[in-house]
Amino acid sequence: MATPPIRPSARGGQGQLRIIGGDWRSRRFSFPDAEGLRPTPDRVRETLFNWLAPYLSGARVFDLFTGSGALYLEALSRGAGMALALDINANAIASLRKHLDTLSCGNGQLLQSDALRYLETQHATPFDLVFLDPPFNKNLLLPACQLLEDKGWLADHAWVYTESEAPASSLGLPGNWRLHREKQAGQVFYSLWERSAP
């Protein structure tokens, strides 16, 4: 997500993403252009999913700010047991529904929802892996992390992936999350955290 916001293209306001591994490797999908929507670049996704390879098979995955769905689709392609994705943008969710239909994928769930409100108000079920790539400059990352931890959304040894403008170690995330890996791509820091039950 080191790329700038995607501009409307000659294809009528569509961006493109490519799945880079798993059952749907090399499949390409479009997604609607929107302000601040910037798919995680291929090289960052490849690094992340190399980190996650031992833990992904059968995992319950939660993508709170799915946007283009790049991380969500990649996780399903690589063997996640189920995945739930949220986004406040109705067009993004509608586009992803079409992709799941195209792929005949029955273990992906999609909801148009404000992520923080959803975490606060819905009955929590624990997830093994959570993707947190919120729009930048909106102060969403830390509140989302706190709600995940406080409301019971995380399995005892869950993995949490974050993208942020600053090193995640400086953001004051929950004290029982251990930084496993962190790298920088352009101006974006991407980090993988391992949760321990408090």
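Reader: Which residues of helix H5 (residues 141-150) are buried?

Author: In this predicted model, the buried ones in H5 are Leu-141, Ala-144, Cys-145, Leu-147, Leu-148 and Glu-149.

Reader: What makes you call Cys-145 buried?

Author: Its number against the cut-off. Buried means under 20% relative accessible area, and Cys-145 has 0%, so Cys-145 is buried.

Reader: What do the buried residues of H5 pack against?

Author: Quite a list: strand E3 (60-63), helix H4 (115-121) and strand E6 (127-132), then strands E7 (154-164), E8 (177-185) and E9 (188-195). After H5 comes Gly-152, with a positive phi near 85 degrees.

Reader: Why is helix H2 (residues 70-77) called roughly parallel to helix H3 (residues 90-102)?

Author: The axes of H2 and H3 come within 12 Å and cross at roughly 20 degrees. Angles under 35 degrees count as roughly parallel, so H2 is roughly parallel to H3. The crossing of H2 past H3 is right-handed.

Reader: Which residues make the contact between H2 and H3?

Author: From H2, Tyr-72, Leu-73 and Leu-76; from H3, Leu-96, His-99 and Leu-100. The residues of that contact split into five nonpolar, one polar and no charged.

Reader: How do you know whether Thr-66 is buried or exposed?

Author: Thr-66 has a relative accessible area of 7%, which is under 20%, so Thr-66 is buried. Thr-66 sits in the loop between E3 and H2. Leaving out residues up to four places away in sequence, Thr-66 touches Tyr-72, Ala-85, Leu-86, Asp-87, Ile-93 and Leu-96.

Reader: What makes the phi of Asn-137 worth a remark?

Author: Most residues other than glycine have a negative phi. Asn-137 is not a glycine, yet its phi is positive, about 65 degrees. Asn-137 lies in the loop between E6 and H5.

Reader: And what is the phi of Asn-139?

Author: Near 55 degrees, a positive value in a residue other than glycine. Asn-139 is placed in the loop between E6 and H5.

Reader: Why are Asn-137 and Asn-139 called exposed?

Author: Exposed means over 50% relative accessible area. Asn-137 comes out at 70%, so Asn-137 is exposed. Asn-139 has a value of 70%, so Asn-139 is exposed.

Key: Residues numbered from 1 in each chain as written. Predicted model: local features only at pLDDT ≥ 70, side-chain atom pairs only at ≥ 80, totals over all residues. Heavy atoms only, no water. Buried < 20%, exposed > 50% of the residue type's maximum accessible area, 1.4 Å probe, protein only. Helix = DSSP H or I, 4+ residues; strand = E, 2+ residues; numbered from the N terminus. Contact = heavy atoms within 4.5 Å. Axes fitted to C-alpha atoms, helices over the stretch in contact; angles between N-to-C directions. Parallel < 35°, antiparallel > 145°, perpendicular 65-115°, else oblique. Left-handed = near helix turned anticlockwise from the far one by under 90°. Nonpolar A, V, L, I, M, F, W, Y, C, P; charged D, E, K, R; others polar.
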